[in-house]
Amino acid sequence: MAQKLSKKSKVAVKPVKSAVTKKGALTMPKEFFSGLGRRKTAVARVRIWSGKQEMVVNGKPISEYFKGDVFKKTYNAPFLATDSLGQFTGSVKVAGSGLMGQVDALVHGIARALIKVNPEGYKQVLRDKGFL
């Protein structure tokens with residue numbers, strides 16, 4: 001790729017790549033709800049929006065990243081508690097700890113994002129179930 005020089009600073013500026021996504025990758029809309037979840041040393045940055053696709057965790061589908069029925073039951077729990085299973089999709093960046101710590105941080109982040117969707121309706125339900 002050819003580099004262009006900035007007029008003011010005479011520093012090489014790389015052109016921005018187009019927003020073409022890989023096959024199967026989620027395209028994030030302009031409006032989304034975010035939540036930060038933590039558990040021990042695991043941190044999950046969650047963004048959800050309305051949609052029917054499978055969530056993506058660190059670039060992989062959530063069912064590939066967290067394999068097994070125990071994990072699936074765990075990360076779907078906040079959606080089941082608020083009767084919103086299948087209404088949202090999203091992307092997650094998770095780091096630190098092991099898989100159990102990461103899935104617990106993911107649940108915390110999903111719960112915080114759902115509160116931003118409907119504060120009056122979801123906050124007390126999620127608090128009573130222990131997701132916050």
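Predicted model: local features only at pLDDT ≥ 70, side-chain atom pairs only at ≥ 80, totals over all residues.
Contact here means heavy atoms within 4.5 Å.

Numbering runs from 1 along each chain as its sequence is written, and side-chain values use heavy atoms, with hydrogens and water left out.

Met 55 also belongs to the largest nonpolar core, a set of 28 residues in which it has some of the most contacts, along with Val 46, Phe 66, Val 92, Leu 106 and Leu 114. Such a core is made of buried Ala, Val, Leu, Ile, Met, Phe, Trp, Tyr and Cys residues joined through side-chain atoms within 4.5 Å. Buried means under 20% relative accessible area, exposed over 50%, and partly exposed in between (1.4 Å probe, protein chains only). In soluble globular proteins, nonpolar side chains tend to be buried together.

The elements below each supply at least two core residues. Helices (H or I, at least four residues) and strands (E, at least two) are DSSP runs, numbered from the N terminus.

| Element | Residues |
|---|---|
| Strand E4 | 42-50 |
| Helix H1 | 62-65 |
| Helix H2 | 69-81 |
| Strand E7 | 88-95 |
| Helix H3 | 99-117 |
| Helix H4 | 119-129 |

H3 gives the largest share of this core, nine residues. H3 also lies across E3, E4 and E7, at about 145° to E3; axes are lines fitted to C-alpha atoms, for helices over the stretch in contact, and angles run from 0 to 180 degrees between N-to-C directions.

On to the sheet: five strands make an open, mixed one in the order E3-E4-E7-E5-E6. Two strands pair if DSSP finds at least two bridges between them. E3 (33-39) and E6 (60-61) sit at the edges with a single partner strand each, so one side of each has no neighbour in the sheet. E3 and E4 pair antiparallel over seven bridges, and Leu 36 stands opposite Arg 45 in E4.

Asp 83, in the loop between H2 and E7, is exposed, with a relative accessible area of 66%. Its C-alpha is 9.7 Å from that of Tyr 122, 39 residues apart in sequence.

Overall, the protein chain has four helices and seven strands, and buried residues make up 33% of its 132 residues.
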